[in-house]
Amino acid sequence: MQLFNYESPIDQRTVHADTLVVTLGSYLDAGHAQRLIDDHILNTLPNHKLGRFDADQVYDYAGHRPHVTFDHDHFADFQAPEIVLHQVSDQQARSFLLLTGPEPALQWERMAAALEHVIHEFDVRQTVLIHAFPAATPHTRPVLVTKFASDPALVPVRSGLPASFEMSASFDTLLTIRLGEKNHAVIGLSAHVPHYLTTIDYPDAAQALLKDLTEVTGLEIPDGELPNLSQMTHGQIDAQISESTELLAAITAMEQHYDALLQDRGLPIRPEDLPTADEIGAELEDFLRTLDKGDGDGPKRLGGDPDVPSPLGES
C-alpha cells in the first residue's frame, strides 16, 4: 500500500464497487481507444478521484518521456504521468471503479499486489481490462472484440483467437495471471483496429469496447458523442481512400478476410477461406518484434506516404 494514496477527504470504508475497469496503457493504444473511453466516461458520468498510485516509482521516464513546455526562456507545464483510480456512477447510479494512466514499467509484482489489495478493500468482484491492437481488418465492417479471461469459463466459446503463441508480456497480462491465482474474475476485451488507422482517433473501437463492457458487467454507459465522432471520422477516411485504387483493393481483401472470420464465429464456411493459426500467430509476432526493437515504426497508417497529407492529421 506504499504505492497507493487516497485522495483527501476520501473515507475508504464508504467505498464499494463490484467492478473495476482498467485502461492502463499497454503496447499500443491502437486508435486511441483507451484514451477515448477514459475521456468519454469521465466527461459523461458523475465521478471523482479515489486515489492514485505513485507513478514515480513505476514509470519509465526515459522510455516514455513526458511533455514539457519551453516558454521563450524557461520551462513550464511539466506533464507528470498519473495512474489514477476513479469512482464512477453509471446511468442507474451503480458505482464502479476506473483505473487510468500509463502502463507501469517497473515493479510489476508490487503494483499487481497493490491493486489486489485495493480490489479487496473495495469489495470488487470482477476486473475488466480494455485494450485495442492493430489488425488486418477493414473500417467498413463492425469492430471485432476478442475476449480473454483468468478463467475460460467467463467468456463465450470461440471468442478468443484460434491460435496459441508466445509473446512479450505486458503489465495487464501479469495482472490477469496474479488475480486469477487468487480466484478473482478477470475479463479482457481487445478491439481489432484497422492497422492503417492505428495512430488516429478511431471512435468505432471505443464504441465496440463499451458495448462489450456493458454486456459483461451490466453497467449502463451512454454512447454520448461517440456515434457523431464515428460518422465524422468515416467521412474523412472514405474521402481519402476513394483517391487510391491500391487502398480500395487492399480494403476489399480485408473485407473478405473479415467476413470469413465472422462466419467462423457462428456460421459454417469453407475452411480454406480462413487464415491459419500459424498465419495469425506470425502476424502478431511480427508486430510484437517491432515493439521489442523500439524502432517506433509500427504499422503504416492511412496517408503514410509523406507526399500524401492525411486529412485525419496526426494526434
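**Exercise 1. State what share of the chain's contacts with a separation of 6 or more comes from residues 24 or more positions apart, then describe the make-up of the chain.**

Step 1. Of the contacts in the chain with a separation of 6 or more, 80% are between residues 24 or more positions apart. The model is a predicted one.

Step 2. The chain has 315 residues, of which 41% are buried.

Step 3. Its secondary structure consists of 8 helices and 10 strands.

**Exercise 2. Describe helix α6 and determine where its buried residues lie around the axis.**

Step 1. Helix α6 covers residues 226-241, which is 16 residues. From first C-alpha to last it reaches 22 Å, close to the 22 Å expected at 1.5 Å a residue.

Step 2. Taking buried as under 20% relative accessible area, the buried residues of α6 are Leu226, Ser230, Thr233, His234, Ile237, Gln240 and Ile241.

Step 3. Viewed down the axis of α6, these buried residues fall within an arc of 130°, so they line one face of the helix.

Step 4. On the face turned away from the buried side, α6 carries the exposed residues Gln231 and Met232.

Step 5. The packing partners of the buried residues of α6 are α1 (33-44), α5 (203-217) and α7 (245-264).

**Exercise 3. Characterise the packing of α5 and α6.**

Step 1. The two helices pack at an angle of about 145°, and their axes are 8 Å apart. The crossing of α5 and α6 is left-handed.

Step 2. On the α5 side, the contact is made by Pro203, Asp204, Ala206, Gln207 and Leu210. On the α6 side, Leu226, Pro227, Leu229, Ser230, Thr233 and His234 take part.

Step 3. Sorted by type, the residues of this contact are 6 nonpolar, 4 polar and 1 charged.

**Exercise 4. Identify what the buried residues of α5 and α1 pack against.**

Step 1. α5 has 15 residues and reaches 21 Å from its first C-alpha to its last. Its buried residues include Ala205, Ala208, Leu209, Leu213 and Thr217.

Step 2. The cover over the buried residues of α5 includes the strands β2 (19-22), β8, β9 (145-149) and β10 (185-194), together with the helices α1 and α6.

Step 3. Just after α5, Gly218 has a positive phi of about 80°.

Step 4. α1 has 12 residues and reaches 16 Å, close to the 16 Å expected at 1.5 Å a residue. Buried in α1 are Ala33, Gln34, Leu36, Ile37, Asp38, His40 and Ile41.

Step 5. The buried residues of α1 pack against the strands β3 (47-53), β6 (83-89), β7 (95-100) and β8 (126-135), and against α5 and α6.

How values were computed
Residues are numbered from 1 along each chain as its sequence is written. This is a predicted model: local features need pLDDT of at least 70, side-chain atom pairs count only at pLDDT 80 or more; totals for chains, interfaces and linings use all residues. Side-chain values use heavy atoms; hydrogens and water are left out. Helices (H or I, at least four residues) and strands (E, at least two) are DSSP runs, numbered from the N terminus. The expected span of a helix is 1.5 Å times one less than its number of residues. Buried means under 20% relative accessible area, exposed over 50%, partly exposed in between (1.4 Å probe, protein chains only). The arc is that of the directions from the helix axis to the C-beta atoms. Contact means heavy atoms within 4.5 Å. Axes are lines fitted to C-alpha atoms, for helices over the stretch in contact, and angles run from 0 to 180 degrees between N-to-C directions. A crossing is left-handed if the near helix is turned anticlockwise from the far one by less than a right angle, and right-handed if clockwise. Ala, Val, Leu, Ile, Met, Phe, Trp, Tyr, Cys and Pro count as nonpolar, Asp, Glu, Lys and Arg as charged, and the others, Gly among them, as polar.
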